[in-house]
Each structure stands twice: as C-alpha cells, then as structure tokens.
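Welcome, and please load the model in your viewer. We will go from one selection to the next, with a short note on what to look for at each stop.

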Amino acid sequence: MLKIRDANGVREKKDVNGFGGGVHHSPTSKLHDLRNQAQQVGSARVAERRQAQGKLNARERIDMLLDPGSFQELDTFMRHRERNFGMDNKRPVGDSVITGWGTIAGRLVYVYSQDFTTFGGSVSRVHADKICKVMDLALENGAPIIGINDSGGARIQEGVVGLGGYGDIFLRNVKASGVIPQISLIMGPCAGGAVYSPALTDFIVMVEETSHMFVTGPDVVEAVTGEKCTFEELGGAQTHAKESGVAHVTASNEFEAIMKVRDLLAYLPNNNTEPAPAAYEIDRPNSADLDSVIPDNPNKPYDIKDVINGLVDVDSFYEIHAEYAENIVVGLARLNGETVGIVANQPLVLAGVLDINSSRKGARFVRFCDAFNIPLVVLEDVPGFMPGMDQEHNGIIREGAKLLYAFCEATVPKITVVTRKAYGGAYLTMNSKHIGADLCFGWCSAEIAVMGPDGAVKILFRREIAEDPSQKPLLIEEYKRMFAHPYVAAEYGYLDDVIEPSETREKVLQGLQMLRNKRKQTPPKKHGNMPL
C-alpha cells in the first residue's frame, strides 16, 4: 500500500492499479499475485447463482473445449482505462474476457471466452482489443477462431469508446470470413449489437434455456409493439433453431454444446488453403439397403436421411440446421474418411419442395463449403418451388435465386444424384448439369421433366379431357411412359449415367477421386451481386 501525507497526517491509499504494495514484495511474488487475481471469478455471488443454473465460468469453458493443458493465455494483465462513474476503483486483472490459443485434437485453435462474473461480461475498449488481437493472430496463422459469448452488451460507462470496439470485431469477422472457420458458442445473453459478431461467423451453437440472442429484449419489445414474450420465446435456442434459423446447432447443456463444437471442428480445414482432416478408421454402410428406399408409389414420401446414411461412412453425418426448413437437409459427412458437404431435398417434409427458408438455408451451406474447398454431394428429389401468395409476396423469386446463385458460383467438385422427382426450375436449381454440376447420376426411379404427369396432362390435353374425362388416366400413363424416367435426360447427356441405388456410393467415390485436382477459373471481378 502507498502512504501519503496530507493536512490530517499520514494515511494509506489503496493501490487501485493492483500492482502490489510496499518494497517488501519481490518481483516473483507480485507476478504470482497478479496471476492469482486473474484466475479468480469477478463476483462470487454471480458465480454461485450461475453455477446453480448449470453454467460454467469462462475458464472452465475453455478448459473443457481445449485439449488438457494446451491453453496459452494472452493479455492476462490488461485492464480497462475508464475513470468515470467510480470505475477507477474497479479495474480487475484481465477485464471481462479471457483470450488465447490451444489445441483441439492436436490442432491449433484460437479462443476467447467472455466472463459474465466481471461487469456482466460487458465489452469495454480493452475487452474488444483483446478479442481483436486473438482474431488477428488466428487470421495471420490460418487457424480457426472460437468465440464463447456470454455478455450483457457494451459497457455503458465507456460510451462510444466501448461501442466502437464492436465495430472493430465485426470488421475482423468479415475479413476472416471464408479464410478461417469461425464458430460462436452462445453460453448466456447475447443482445443488441453483440448479436452481429456471431451472426457474421460460420456456425452458431446455442444452449437450450440458458442462452439467448436478440436485438432488443422483451421489455423493449413490449414497450414498442405491445407484444409480451419471455426471453426464451423471443431469443432462445429453440426459437433460433426452428423459427429464425440463426442457430445452426443446439445442445441441452454446456458440456454437450462444447462437445458438438469439438466434433464439428473435426470436419473443417484449418483455413481455405488446407484440406479438411481425414478419418482413417472407416466403417462402410450397407449400400444394398438403398435399393429398397424408394416406395413403389411415386407420391409416397420416404426419409432422405436413409439415403444419406446409406451413402456416407457409418455415423459420420453431422447435420446443420436440423430443425430449420426441414424440407431440405444439409450437413457435413465423410466419404471414405474425407469431408463432403451434403445437400438433399427431404420428401418427408412438404414433399421436398423448395421454399423461401429452405432456399436460404441451402444457399448459405453451399457457399460455406465452396469457401473451404469442401466437395458437394447433392441428393435431388424436388417437385418444384412452393406456390402461394405468401411465398411470392415474401420473395421466393429472390430467395430461390440465392440457392441458384450459390450452386452456379461454387467451383468445388459438385456431384448430383437424382433419386426420384426433378421438376421444372427446381430441377435446374438443385445443382443440375446446366448450372455447373461436374457429374450427375440418376437412379432408375428418377423422373426429370418440366412438371409432374398430372399437371402436365391437364395443360397438354385440356380440350381432350374436357370432352372425355375418362381419357385422363390413359393420358397420364402415356406421359409417364414418355417422360417419367431418367433416359431422356441421359440421351442428351444431362445425366452422366443411370445407376442402381446400391451403386451410388462407389459412383460418387469414383467421381470425387476423379475431381480431386479440379481447377476452375472464373472471370476476374471484385465480387458478384448475389440477390440478397
């Protein structure tokens, strides 16, 4: 402690910088004291309450995420520099975020973890500086960045200085986009401007009932719109998994969320110049099961996930956006140990039709895979785009064009397998030969046409049916004979081969092997104008 003399004599003054007291403290003991301070939670009362909610603290989350003993901390001793509102007497070591690097399964990753027990995890200028430094290191060294978000927002006491820190983080999110994988773990509140950093990353993982994301909270929503809602209804994990599509993956608790991030990272490359890690223990599926997947009745649904699981390595499918726009299925998987991206229509939901949400979901995933050189395997069974005033008024034209644009733009190896229906513009959009697919295969059950037999016959033979309705079934059968098969498309080269379902895995594997060294030059341009 420092001793100073004033008019009242000698008195002690607390060392607000926290660097120790008198001359008897050795440099080593001072270092140990500061390190010990950095290891402590900010508020024991807050920590106890959060522990009762099943929440880990910031350091526990890092320790669980990374390989044991691998974490190397950065900026342990940084402190905020705000002097107003009594903040000069509250300057904890490390401020409200922990940053550094470590390994996951032996691979280098960078990480930051916001500490809600210190100033509610609020973002100060120093807090933002620490995050920006670790993001810069991740980008410069070509390794993934994982952010563990648990913050009350910008630190009000710092005003625009703290708020500006968010902008610095956003800029780095955009610079890193498509260069290194960015994963956000939402482990508590994430509100206001804070939501836009996770929204700019590749994947968002949320914990059910304990993590929330929203631009404005329930009180503001009620005051402005009159709507009453809970935190969970407004911005909980299930809301963002099912309704908004903001959350890519959800978990029932923090441990499960962290394990899902570790699993996800195993499919991803370190950066856009390196291949994704390969698995060497390969368990092949029973491809013969695929021969019995398609029902005899063309109008009867089936589960496209049965096709996926009969195609990829056993238990390797990691689904993304599993609860959002379920009429399309996307995710990462392994084929012969190597990462591929799967995009598949789901006949069990809305007959696999493409609508606004499924188009947007598919487009985002296709662009992610293309950015990180992950080959795409498309399983197509699509009767068309969703009709209706609601879809048209809300922009199905624009949203469908996003998926079309994404497939056209992608230069990675792209293979499509038509399992059953492929009608109209949706046939073209789902990675057809016409928009750049490298290989297209059709199952024997494939039907490729402008529209389904019933609708086509109503248009083609309107007069004949009006005169004699009994002719309609015969006309439908004749149309099926002419078009409801894959061989017309194969004659024109729009299908490279017609195959039995059980042949799919080998055909796709051989195709990917052939396309391994694919190089495609695109016209020089700053960037395209995707229909956003």
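## First stop: two packed helices

Select helix H4 (residues 125-141) together with helix H5 (residues 160-176): in this predicted model, their axes lie 8 Å apart and the helices pack at an angle of about 10°. H4 and H5 are therefore roughly parallel to each other, since angles under 35 degrees count as such.

Now show side chains along the contact. On the H4 side, pick Arg125, Ala128, Ile131, Cys132, Met135, Asp136 and Leu139. Their partners in H5 include Val161, Gly162, Gly164, Gly165, Asp168 and Ile169, and also among them are Arg172, Asn173, Lys175 and Ala176. Colour this contact by residue class and you will get eight nonpolar, four polar and five charged residues.

## Second stop: H12 and H14

Next, select helix H12 (residues 356-371) and helix H14 (residues 396-409). How do their axes cross, and within what distance do they come? The crossing is at roughly 20°, and the axes come within 8 Å. H12 and H14 are therefore roughly parallel to each other.

- From H12, take Ile356, Ser359, Arg360, Gly362, Ala363, Val366, Arg367 and Asp370.
- From H14, take Ile396, Glu399, Gly400, Lys402, Leu403, Ala406, Phe407 and Glu409.

By class, the residues of this contact divide into seven nonpolar, three polar and six charged.

Select the cysteine sulfur atoms. How many disulfides does a search of the whole structure find? The count is zero. Cys190 is buried, at a relative accessible area of 3%.

Move on to Cys369, which is in no disulfide either. Its nearest cysteine sulfur belongs to Cys408 and is 16 Å away. Is Cys369 buried or exposed? With a relative accessible area of 0%, Cys369 is buried.

Go to the loop between strand E3 (72-74) and strand E4 (97-104), and centre on Asp75. This residue is not a glycine, yet its phi is positive, at about 55°. The relative accessible area of Asp75 is 16%, so this residue is buried, the limit being under 20%.

Then jump to Asn431, in the loop between helix H15 (424-429) and strand E17 (439-443). What is the phi of Asn431? Its value is positive, about 60°, although Asn431 is not a glycine. Asn431 counts as buried too, at 0% relative accessibility.

## Last stop: the whole chain

The protein chain has 20 helices and 19 strands. Along the principal axes, its C-alpha atoms fill a box of roughly 115 × 55 × 45 Å. Colour by accessibility to pick out the buried residues, which make up 49% of the 532 residues in the chain.

Of the contacts between residues at least 6 apart in sequence, 72% join residues at least 24 apart.

Key: Residues are numbered from 1 along each chain as its sequence is written. This is a predicted model: local features need pLDDT of at least 70, side-chain atom pairs count only at pLDDT 80 or more; totals for chains, interfaces and linings use all residues. Side-chain values use heavy atoms; hydrogens and water are left out. Axes are lines fitted to C-alpha atoms, for helices over the stretch in contact, and angles run from 0 to 180 degrees between N-to-C directions. Helices (H or I, at least four residues) and strands (E, at least two) are DSSP runs, numbered from the N terminus. Angles under 35 degrees count as roughly parallel, over 145 as roughly antiparallel, 65 to 115 as roughly perpendicular and the rest as oblique. Contact means heavy atoms within 4.5 Å. Ala, Val, Leu, Ile, Met, Phe, Trp, Tyr, Cys and Pro count as nonpolar, Asp, Glu, Lys and Arg as charged, and the others, Gly among them, as polar. A disulfide is a pair of cysteine sulfur atoms within 2.5 Å. Buried means under 20% relative accessible area, exposed over 50%, partly exposed in between (1.4 Å probe, protein chains only).
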